Amino acid sequence: MIVDQISIFIENKLGALAEVTGVMGDAGIDLRALSLADTTEFGVLRLIVDDPKRAYSLLREGGFVVSMTQALTVPIDDVPGGLATALKVLTDENVSVEYAYAFISRRKGKAYVVLRVEDNEYAQGILVKHGIEMLAKGNILDEF
């Protein structure tokens with residue numbers, strides 16, 4: 001399923017992550033998944049939240065450098081090799097993954113991986129064609 005992902009450019013300094021997550025918590029926005037990639041001075045924090053439009057607005061108003069993009073979220077069997085199977089399907093169809101991060105779900109036996117690919121719709125179609133289950137749009141945030 002394709003979901004909105006918030007990306008925040010933050011300084012690599014004490015308290016920066018706490019500040020962003022505090023803004024979300026104070027507003028009652030639930031974090032569902034996150035990834036933080038850093039360099040010496042800055043980092044990119046990626047979030048999947050239950051209210052991405054509101055989160056985006058609050059962060060912009062708070063002076064953060066923020067963007068919203070769409071990412072492909074794929075339910076994966078939570079077994080050894082589950083992720084490898086899905087990635088091989090994409091590789092065999094020449095779909096390159098720019099980055100990925102994973103998290104477990106409330107749904108027994110499933111984990112989720114967020115993938116950044118060039119064409120979400122195309123990649124999703126390939127996965128479905130190869131029998132990888134996708135969730136309906138309204139259900140994704142209830143799952144994790």
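Student: Does H3 pass H4 in a left-handed or a right-handed crossing?
Tutor: Keep in mind that this is a predicted model. Helix H3 covers residues 82-92 and helix H4 covers residues 120-129, and their axes lie 10 Å apart. As for the way H3 passes H4, the crossing is right-handed.

Student: At what angle do helix H3 and helix H4 pack?
Tutor: Two packed helices are described by the angle between their axes and the distance between the axes. For H3 and H4 the distance is 10 Å, and the angle is about 115°.

Student: Which residues of H4 make the contact with H3, and how many in the contact are nonpolar?
Tutor: On the H3 side you'll find Ala 86, Val 89 and Leu 90, and they meet Ala 123, Ile 126 and Leu 127 of H4.

Student: Which residues in H2 does H1 meet?
Tutor: H1 passes H2 in a right-handed crossing. From H1, Val 20, Val 23 and Met 24 take part, and their partners in H2 are Ala 55, Leu 58 and Leu 59. By class, that contact has no polar, no charged and six nonpolar residues.

Student: Are the rings of Phe 9 and Phe 42 stacked or edge-to-face?
Tutor: Searching the whole structure turns up two aromatic pairs. In the pair of Phe 9 and Phe 42, the ring centres are 4.8 Å apart and the planes sit at 15°. Planes under 30 degrees apart count as stacked, so this pair is stacked.

Student: How many residues apart are Phe 9 and Phe 42?
Tutor: Phe 9 is in strand S1 (residues 2-11) and Phe 42 is in strand S3 (residues 42-49). The pair links distant parts of the chain, with a separation of 33 residues.

Student: Which element has the lowest mean pLDDT?
Tutor: For the chain, the mean pLDDT is 90, and 93% of the residues reach 70 or more. Helix H2 (residues 52-61) has the highest mean among the elements, 96. The lowest, 56, belongs to helix H5 (residues 140-143).

Notes: Residues numbered from 1 in each chain as written. Predicted model: local features only at pLDDT ≥ 70, side-chain atom pairs only at ≥ 80, totals over all residues. Heavy atoms only, no water. pLDDT = per-residue confidence, 0-100. Helix = DSSP H or I, 4+ residues; strand = E, 2+ residues; numbered from the N terminus. Left-handed = near helix turned anticlockwise from the far one by under 90°. Contact = heavy atoms within 4.5 Å. Nonpolar A, V, L, I, M, F, W, Y, C, P; charged D, E, K, R; others polar. Phe/Tyr/Trp six-rings, centres within 6.5 Å; stacked < 30°, edge-to-face > 60°. Axes fitted to C-alpha atoms, helices over the stretch in contact; angles between N-to-C directions.
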